[in-house]
Amino acid sequence: MEYYNYIKSLHLIFVVTWFAGLFYIPRLFVYQIEAYHKPSPDKDILGTQLKLMAKRLWNIITWPSAILATVFAVWLLVLQPVWLEQPWMHVKLLFVLLLIIYQLKTHQFYKQLQKDDVRKSSNFMRLWNEGATFILFAVVFLVILKSAINWVFGVMGIFVLGILLMLGFKIYKNIRSKNPNA
């Protein structure tokens with residue numbers, strides 16, 4: 001158990017880098033989609049550069065971080081199997097499953113955009129970008145509070161955050177329609 005805190009630290013570091021990748025990749029998708037609709041040569045130059053950036057982010061940072069965060073999480077559970085008896089951990093693992101599903105769906109979008117197969121709008125990707133944020137909020141509140149009642153308040157906070165993000169998105173969309181360079 002003397003190395004427990006090292007494993008926990010590594011788990012947290014890779015969770016942070018995993019989320020960093022998940023936060024940034026949809027933003028790159030927004031730029032890729034917008035570049036796709038530009039005339040040449042902008043379309044070609046931007047498209048090539050954005051694909052390269054997405055490829056490096058996804059394959060060098062995001063996927064390895066997801067795998068390492070998961071490996072260290074399993075290791076922590078092996079060291080502390082009593083956590084698997086805690087209700088908060090069951091809910092946390094449900095959110096982790098949602099995060100993995102979110103990553104797999106994001107991987108589909110990544111593969112499509114790498115082939116210039118644009119199926120979603122940049123506005124969709126802006127909204128998609130918030131999925132990881134909701135999961136992060138839920139997991140942090142859950143892990144810190146470890147209480148069903150306090151967790152309910154945390155979830156309510158997530159819904160308030162969602163409403164604020166949607167309002168912010170609408171305001172941004174209105175500003176952008178009035179000034180396309182914003």
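Contact here means heavy atoms within 4.5 Å, and among contacts in the protein chain between residues at least 6 apart in sequence, 80% join residues at least 24 apart. The model is a predicted one, in which local features need pLDDT of at least 70 and side-chain atom pairs count only at pLDDT 80 or more, whereas totals for chains, interfaces and linings use all residues. Residues are numbered from 1 along each chain as its sequence is written, and side-chain values use heavy atoms, with hydrogens and water left out.

**Overall build**

- The protein chain has six helices and zero strands, where helices (H or I, at least four residues) and strands (E, at least two) are DSSP runs numbered from the N terminus.
- Taken along the principal axes, the box filled by the C-alpha atoms of the protein chain is roughly 60 × 35 × 20 Å.
- Of the 182 residues in the protein chain, 32% are buried, a term that means under 20% relative accessible area, with exposed meaning over 50% and partly exposed in between (1.4 Å probe, protein chains only).

**Nonpolar core**

- A nonpolar core is a set of buried Ala, Val, Leu, Ile, Met, Phe, Trp, Tyr and Cys residues joined through side-chain atoms within 4.5 Å, and the largest one has 33 residues, with L22, I25, F29 and M125 making the most contacts inside it.
- Two or more residues of this core come from each of α1 (4–36), α2 (42–79), α3 (87–114), α4 (122–128) and α5 (131–145), and the largest share, ten residues, is given by α1.
- Leaving aside neighbours within four places in sequence, I25 is in contact with A54, L57, W58 and T106.

**Packing of α2 and α3**

- The axes of α2 and α3, which come within 12 Å, cross at roughly 160°; axes are lines fitted to C-alpha atoms, for helices over the stretch in contact, and angles run from 0 to 180 degrees between N-to-C directions.
- The two helices α2 and α3 are therefore roughly antiparallel to each other, a label for angles over 145 degrees, while those under 35 count as roughly parallel, 65 to 115 as roughly perpendicular and the rest as oblique.
- Residues of α2, among them K51, A54, W58 and L77, meet residues of α3 including M89, T106, Y110 and Q114.

**A buried arginine**

- R126 is found in helix α4 and, at 6% relative accessibility, counts as buried.
- Not counting residues up to four places away in sequence, R126 touches R27, V30, E34, F169, Y172 and R176.
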